[in-house]
Amino acid sequence: MAASLRELRQRRNSVMATKKITKAMELIASSRIIKAQRAAARALPFTHELNRAVSAVATYSRADHPLTKHSTEEVKKVAVFFITSDRGMNGAYSSNAIKAADRMIRRLLDEGKEPYRYVVGRKGVSYLNFRQLPIEAHWEGFSDAPRYENAVEIADRLVADFLAEDGVDEIWAVYTRMESMISQVPRVRRILPLEVVEGVHDPDVHELVPLYEFEPDPETVLDALLPLYVRSRIWFYLLQSAASQLASQQRAMKSATDNAQQLVEKLTLQANQARQAQITQEISEIVGGAGALAEQN
Amino acid sequence: METIRVEVVAAEGIAWEGEAQSVIARTTEGDVGIMAKHEPFLAALVPCAAEVLTEDGRREIVAVDGGFISVADNRVSLLAGYARVAGEIDQAAAERELAALEKQIEGSEVDDETRARFHRAQAQVKAAQLAASEHR
C-alpha cells in the first residue's frame, strides 16, 4: 500500500510538470498567432494588387503566354505542393493538410496523371519518406514564421519546373486557410496555369473598356509579372498556413493542459484514498494487536 | 493641382501611400513620369529609386527591386518584392553591402540571387543619396 501511495504521488508530480510545459506552449502560441495574423494581413495589399494587375493583362490584352494558356496537349504531370509543420504538437494540423494532399494525389492517379510532390515542413517529408514516396523538392525550418525569401525560393523552383522542357503541366497547392481561431480548413488551389477569377468579368456593352498601354508589350510585361504573381500566391499560402499552424497548436496545447489538470485531480483523489486506506489499516492492526494481547491476559 | 493616388506595395506590406502630383519610375524602356489622369498603363520596372512628388510638394524617394508600375482609375501602384522609403534606408549599411557584392560580381560568375541582391543594394544606395542631396 505504501508503494502505491508513493507511485501515485510521483505520477501526479510528473503530470503537473507536463502541464506546466503545455501551458507555456499554449501561451507562446497565442502570442505568436497575433504576429502571424498581422503578417498575413500586411501581405494582403501585395496579393490584391498583383491579382488586379494580372487580371488587367489577362482581360485587356490578348496576350498568349505559356503561364496563362492551357497547354494544348493533355495534362500529364502535375505538381502538388503542400504545406505542413516542422514539429508536432499541433493537433491535427499537419495530418489534415497531408490528408487533403493525399486525396488530391489519389484523384490525379485515378485520372491517369503523374503526381510530383513538393513539400514544406518536416512532418510532410517524414510522412512521404516513411511510405517511400518520391519527393521532388522539400523546404524546412520556417513553417511557423515564413519569410518572403522562402516564398521566392519555392516559387522560383516551381516556375522553373513548370517552364522546363518536359516539366510539369500543372501546379496545385494545398494549404491551410485560417478561417478563425477555432477553424482552419485545408484548401486545394491551382496556381498554374493561371486561374484568375478575381475582378475578371466580361465587359458590358455600355461599359468602356480601359485601354491599357503596355510597355514594352503585353508579353514582356506578363513574363515579368507572372513569376511575381506566383511568389505572392506562395507567400500568401505560407502566411495563412503559419497562422493556422499556431492557432491549431494553441488549441491542442490548451486541451492538453485541461487534460493534465483533470488527471492531476484524479490522481490527487486516488492518492488521498490510498493514504486513508493505509491509516485505516494501521489502526485496525493496532486495535487487533491490542485485542489479542488483552485476551491473553 | 490635380493629384493621383499612389501606393508602393511590397510583399511585406505597404511601403508608402498617399496623394501625389507625379511619380517617376524607371521601366525596362526608360524613365516614365505619371501625372494625374494618366491613361491605364502597365510596365515592368528595373531596380531603381522611384520618385514621388507628393501633394504638398515634398519629394519621397522609394527604392524598389524591380516589379511593376500599373496605372488605372487615377491610381498608381508600384509593386515590388522589396520596397523601401529612402528615409528608412541605412545608407552606410547599404553602401557596404553594395561594395561587397560588387567585388563578388567582378570576381566571377555569380548566381541570380547575388545579382538580385546587388541590384537591390544599388537601388537603395541611389535612393539614399538622392534623399540626402535633397536635404542639403
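Into which domains is chain B divided? Chain B consists of domain 1 (4-86) and domain 2 (89-135), with bounds that come from an automatic or database domain assignment. The model is predicted: local features need pLDDT of at least 70 and side-chain atom pairs count only at pLDDT 80 or more, while totals for chains, interfaces and linings use all residues. Residues are numbered from 1 along each chain as its sequence is written, and chains are lettered from A and ligands numbered from 1 in the order in which they are written.

Confidence is considered next. The predictor assigns the complex an ipTM of 0.73 and a pTM of 0.81. For chain B the mean pLDDT (the predictor's confidence in each residue, from 0 to 100) is 81, and 93% of its residues reach 70 or more. Within chain B, strand 1 (residues 4-10) has the highest confidence, at a mean of 90, and helix 2 (residues 112-135) the lowest, at 73. Helices (H or I, at least four residues) and strands (E, at least two) are DSSP runs numbered from the N terminus.

The two domains of chain B have C-alpha centres 20 Å apart. Their contact takes 12 residues from domain 1 and 13 residues from domain 2, two residues being in contact if their C-beta atoms, placed from the backbone, lie within 7 Å. On the domain 1 side, strand 5 (47-54) and strand 6 (59-65) of chain B are the elements that give two or more residues; strand 6 of chain B provides the largest share, six residues.

Between the chains, the contact takes 26 residues from chain A and 22 residues from chain B. On the chain A side, helix 1 (2-60), helix 4 (148-163), strand 6 (213-215) and helix 5 (218-296) each supply at least two residues, and the largest share, nine residues, comes from helix 1 of chain A. Strand 6 of chain A also pairs in the parallel sense with strand 4 (residues 41-44) of chain B over three bridges; strands pair if DSSP finds at least two bridges between them. In this pairing, F214(A) has L42(B) as its bridge partner.

The largest nonpolar core has 108 residues, and V80(A) and V62(B) have the most contacts inside it. Such a core is a set of buried Ala, Val, Leu, Ile, Met, Phe, Trp, Tyr and Cys residues joined through C-beta atoms within 7 Å, where buried means that 20 or more other C-beta atoms lie within 10 Å of the residue's own. Helix 5 of chain A gives the largest share of this core, 19 residues.

Key: A residue is buried if 20 or more other C-beta atoms lie within 10 Å of its own, exposed if 12 or fewer, and partly exposed in between; C-beta atoms are placed from the backbone.
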